[in-house]
Amino acid sequence: MTDNDNVKIQKHEQAVEALQYEGGSARIVRQVLTTIHYEADILTTDEPTASGRVYPREVMERALLDYQKRVANHTAFGELGPTYESVTHQSLDNVSHVITKAELQGNVVHVTTTSVQTPAGNRLV
């Protein structure tokens with residue numbers, strides 16, 4: 001995150017009914033699913049990140065163009081905290097959100113995400 005984070009968080013709850021099977025019989029269970037929609041500035045080009053890396057604007061523009069394919073295919077996932085695995089080898093056990101939009105606004109990379117119903121995603125709500 002940048003020092004001057006532009007963060008918006010919206011929380012949505014939806015009641016759902018599902019069949020739960022126990023001992024050969026079924027019953028309807030009502031559950032409230034909570035979803036978090038999150039917007040944030042995550043990186044400023046041409047400035048050092050928290051790890052000291054600098055990403056030039058031209059490099060980030062090319063990377064975002066390629067990343068847009070994953071966003072469009074709903075395969076751009078995120079994890080809580082720093083991840084040390086390649087984005088092509090993410091463990092779905094660690095996925096907490098899906099990136100629904102990623103764009104360059106001036107020199108700032110801005111993302112929109114939605115939490116997913118996984119153990120890691122449930123920690124967001």
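Q: Which residues does serine 96 contact, and is serine 96 buried or exposed?

A: Serine 96 counts as buried because its relative accessibility is 0%. Buried here means under 20% relative accessible area, exposed means over 50%, and partly exposed lies in between, with a 1.4 Å probe and protein chains only. Leaving aside neighbours within four places in sequence, serine 96 is in contact with Gly78, Glu79, Leu80, Ser115, Val116, Thr118, Ala120, Gly121 and Leu124. Contact means heavy atoms within 4.5 Å.

This is a predicted model, with local features needing pLDDT of at least 70 and side-chain atom pairs counting only at pLDDT 80 or more, while totals for chains, interfaces and linings use all residues. Residues are numbered from 1 along each chain as its sequence is written, and side-chain values use heavy atoms, leaving out hydrogens and water.

Serine 96 belongs to strand β4, residues 95–105. Helices (H or I, at least four residues) and strands (E, at least two) are DSSP runs, numbered from the N terminus. Strand β4 has pairing partners, where pairing requires that DSSP finds at least two bridges between two strands. One is β3, residues 77–79: 3 bridges join β3 to β4, and the two run antiparallel. In β4, valine 95 stands opposite glutamate 79. Another partner is β5, antiparallel to β4 and joined to it by 8 bridges. Here glutamine 105 stands opposite valine 108 in β5. A hairpin is formed by β4 and β5, with 2 residues between them. Glycine 106 sits in that turn, with a positive phi of about 70°.

Next comes the core. The largest nonpolar core has 9 residues: Leu43, Met60, Leu64, Val71, Ala76, Ile99, Ala102, Val109 and Val111. Such a core is a set of buried Ala, Val, Leu, Ile, Met, Phe, Trp, Tyr and Cys residues joined through side-chain atoms within 4.5 Å. At least two of its residues come from each of α1, β4 and β5 (108–115). Helix α1 gives the largest share, 3 residues.

Isoleucine 99 touches Tyr67, Val71, Ala76, Phe77, Gly78, Thr112 and Thr113, not counting residues up to four places away in sequence. Valine 71 lies in helix α1, residues 57–72. Valine 71 counts as buried because its relative accessibility is 9%. Valine 71 and isoleucine 99 are 28 residues apart in sequence, yet 6.3 Å apart in space, C-alpha to C-alpha.
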